[in-house]
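Thanks for coming. I will talk through one structure today, starting with its charged side chains and ending with its aromatic ones. Please have a look at it first.

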Amino acid sequence: MKLGKFFKDVAREMKKVSWPKGRELTSYTITVLTTVAFVAVFFAVIDLGISQVLNLFF
């Protein structure tokens, strides 16, 4: 059974993973949320600017 071997291999590899501790996880989460918020605001401003420029010409 190849599928059974696959899941055994997955389980073995998952035991090798170094999972982040609580503080690291909190830090990573804050970093991701801050980055997402910044990118969202950045593109919203760019979109607003492009819309304003297009409204001047059309």
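Is D9 buried, partly exposed or exposed? At 25% relative accessibility, D9 counts as partly exposed; buried means under 20% relative accessible area, exposed over 50%, and partly exposed in between, with a 1.4 Å probe and protein chains only.

Before going on, a word on the source. This is a predicted model, so local features need pLDDT of at least 70 and side-chain atom pairs count only at pLDDT 80 or more, while totals for chains, interfaces and linings use all residues. Residues are numbered from 1 along each chain as its sequence is written, and side-chain values use heavy atoms, with hydrogens and water left out.

Now the charges. Searching the whole structure gives three salt bridges, a salt bridge being a side-chain nitrogen of Lys or Arg within 4 Å of a carboxyl oxygen of Asp or Glu. D9 takes part in a bridge to K5, with the closest N and O atoms 3.0 Å apart. D9 also bridges to R12, where that distance is 2.7 Å. K5, D9 and R12 are therefore linked in a network of salt bridges. K5 and D9 are four residues apart in helix α1, residues 2–16, which is about one turn; helices are DSSP runs of H or I, at least four residues, numbered from the N terminus. R12 and D9 are separated by about one helical turn, because they lie three residues apart in helix α1. K5 itself is exposed, at 52%.

E13 and K16 also meet in a salt bridge, at 3.3 Å from N to O. E13 is partly exposed at 44%, whereas K16 is exposed at 58%.

On to the rings. There are three aromatic pairs in the whole structure. Rings of Phe, Tyr and Trp (its six-membered ring) pair if their centres lie within 6.5 Å; planes under 30 degrees apart are stacked, over 60 edge-to-face, the rest tilted. The F6 and F7 ring centres are 5.3 Å apart with planes at 70 degrees, so this pair is edge-to-face. F38 and F42, by contrast, are stacked, at 6.4 Å centre to centre and 20 degrees between the planes. Both lie in helix α2, four residues apart, about one turn. F38 is exposed at 58%, and F42 is partly exposed at 42%. F38, F42 and F43 form one aromatic cluster.

That is the tour; I will take questions.

Methods. Helices (H or I, at least four residues) and strands (E, at least two) are DSSP runs, numbered from the N terminus.
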